[in-house]
Amino acid sequence: MDFDKYLKLSNTIRKDILVMLKNAGSGHPGGSLSCVELIVALYFKFLKHDPKNPFLEDRDRLILSKGHACPTQYACLAEVGYFSKDELFTLRKICSRLQGHPGFKCSLPGIEVSTGSLGQGLSIGSGMALGYKLDKKSGNIYVLLGDGELQSGQIWEAILTASHYKLNNLCAIVDYNSLQIDGRVENIKNIMPIKEKFESFGWNTITIDGHKYKEIFDGYEKFIKNKDDNPSVIIAKTIKGKGVSFMEDNVDWHGKAPNARELEMAILEIDNSAIGL
Amino acid sequence: MEAKATRVGYGEMILELGRQNKNIVVLSADVTASTNSHLFAKEFPNRFFNIGISEQDMICEAAGLSLVGKISFVSAYAIFATGRTWDQIRNTICYCDLNVKIIGTHSGLMVGPDGATHQALEDIAITRAIPNLKVISPCDYLETKKAVKAIVHDFGPTYLRLGREKTPIITEENTPFKIGKANILRDGIDVTIFATGVMVSEALKAAEILEHENLSLRVVNVHTIKPLDKNTIIKCAKETGAIVTAEEHQIVGGLGSAIAETLGMNYPVPIEMVGMKDSFGESGEPFELLKYYGLSDIEIIKAVKNVLLRKKF
């Protein structure tokens, strides 16, 4: 399969994210750039959704539990047609629908719930999956988690609930970029091994490179085609700040916006990477 | 006087409403029988979810269920339903304005022998501070049934504060109940007592006793702490000129504070507050604890006499 379309989309979304953050003057580039491919693949390929009808019955839903990566979600929602791309540049400004962390009541189409207080998204997704099962709805629920977020106890409560209630319509995705605000996850509070932990809690696990579309597509397809009762987790190894060399794997870029010069350098680098696409 | 626990009123009414409305789901945190959710659980096993001892998860599971169209009732002890879960209630339920009803049973000192760890005495303070959240504290079993019915038809998040113990039934089948509308149970001109929960019956007892001393007390049942019935509160302050508040809760941040906020900004009159005086409880029998910590008709009578000394007209 030819992934050129998606590779081009990744570059567009990365540039949107950086321009939005530069314009806002604050925000989280590192964790936004690490999950670009994971989110692009959902909105442009795997989610059953309709940008013209955001409340489509039975739709697949994405919950961004790591809410600080919302620039990526906003950029994808605009690109896929939920709202005008002009609105992206209101991010973090007063009276904007694009809050610093997603706000459900701000009426931005495509936002399924408010997130930002870490550790809550998987429980919310599990509740949605329970409701879909109860009503025999066909949709799937996807929840994007950070790896540092796995330090939150509520995540493990939800992991137990989802396997107990056999929520095979629930797919967690761990954006495993190995960094959190204070440093490397393994040094702050180690959460490894992730795969074995999920398996011991009764989940199917799928390990992929979170920047390679071939592996991402295979991962989502494996979840969708899964026939057993277990919920699934896709553990996606990623690089924080992916696509901008001076941001990559650098914890300083967790929560800092680029200035004009840094933005220029970043855009140039992304454009250069697109030569040949 | 007949006595029944408010939690029993919840259990009976949620079963009845569950029969009428298939969108109602009930979640429990391993306290199904004691929160009286077991009747619903037995009749509607597929609409009942035991989430186990995971209250934070339970609140957000309920949020997810509501986001796909359900009316979610979460039931747990008041202390855990609101304290352990405050961030989940604020950031997920209330910021999203979701149709989740939080049922906190075993509130207040009257959970008794279990002691201080289980006595929710700050729940009104921490819930009423959150935007979008309605806070309802019924005075008896019958009023609880009406409240449960009312919140099903009222979209949005609600905290319903209930008790474990049997308490006197002081309202009647035809006593009105409207969310946000305080009920004047007894008219009077000298002092108004605003009370909530079990303290309403204590306030009525106090008024009865003081009648023999030729004092005319107005007793108002403030079942809805948020949104507060400001009109009735200001009207009573104007007409009686002195206020006593009574609640099975800390004075800090509770009903008394809510009333003082309203009157301070609109019509300041002397107020005395009966409630927990910035302390934890302990083990003991329910009514014994109420007396020991000064949450009874005796303390209300003292407060009435004190406030009369400060009354300006």
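How many of the eleven residues of helix H3 (residues 36–46) of chain A are buried? In this predicted model, local features need pLDDT of at least 70 and side-chain atom pairs count only at pLDDT 80 or more, whereas totals for chains, interfaces and linings use all residues; side-chain values use heavy atoms, with hydrogens and water left out. Residues are numbered from 1 along each chain as its sequence is written, and chains are lettered from A and ligands numbered from 1 in the order in which they are written.

Helix H3 of chain A is mostly covered, with ten of its eleven residues buried. Buried denotes under 20% relative accessible area, exposed over 50%, and partly exposed the range in between (1.4 Å probe, protein chains only). Helices (H or I, at least four residues) and strands (E, at least two) are DSSP runs numbered from the N terminus. The buried set in H3(A) comprises A:Val36, A:Glu37, A:Leu38, A:Ile39, A:Val40, A:Ala41, A:Leu42, A:Tyr43, A:Phe44 and A:Phe46.

Between the two chains, 28 residues of chain A are in contact with 25 residues of chain B, contact being defined as heavy atoms within 4.5 Å. Chain A and chain B bury about 2100 Å² between them, and 56% of this area lies on carbon and sulfur atoms. Buried area is the accessible area (1.4 Å probe) that two parts lose on being put together, summed over both. Of the area that chain A buries against chain B, 24% is supplied by A:Gln120, A:Leu134 and A:Glu157, more than by any other three residues.

Two salt bridges are counted between chain A and chain B, a salt bridge being a side-chain nitrogen of Lys or Arg within 4 Å of a carboxyl oxygen of Asp or Glu. The side chains of A:Lys105 and B:Asp97 meet in a salt bridge at 3.8 Å, N to O. On the side of chain A that touches chain B, the elements giving two or more residues are helix H5 (121–134) and helix H6 (153–164) of chain A. H5(A) gives the most, with nine residues.

Within chain B, the domain assignment gives domain 1 (3–168) and domain 2 (183–310), with bounds from an automatic or database domain assignment. The centres of these domains of chain B, taken over C-alpha atoms, are separated by 25 Å. Contacts join 32 residues of domain 1 of chain B to 37 residues of domain 2 of chain B, and the area buried between the two domains is about 2500 Å², 59% of it from carbon and sulfur atoms. One salt bridge is counted between them. B:Arg128 and B:Glu261 meet through their side chains in a salt bridge (2.7 Å, N to O).

B:Phe177 is found in the loop between E8 and strand E9 (183–186) of chain B. This residue is buried because its relative accessible area is 15%. Leaving aside neighbours within four places in sequence, B:Phe177 is in contact with B:Ile136, B:Glu143, B:Lys146, B:Ala147, B:Ala150 and B:His223.
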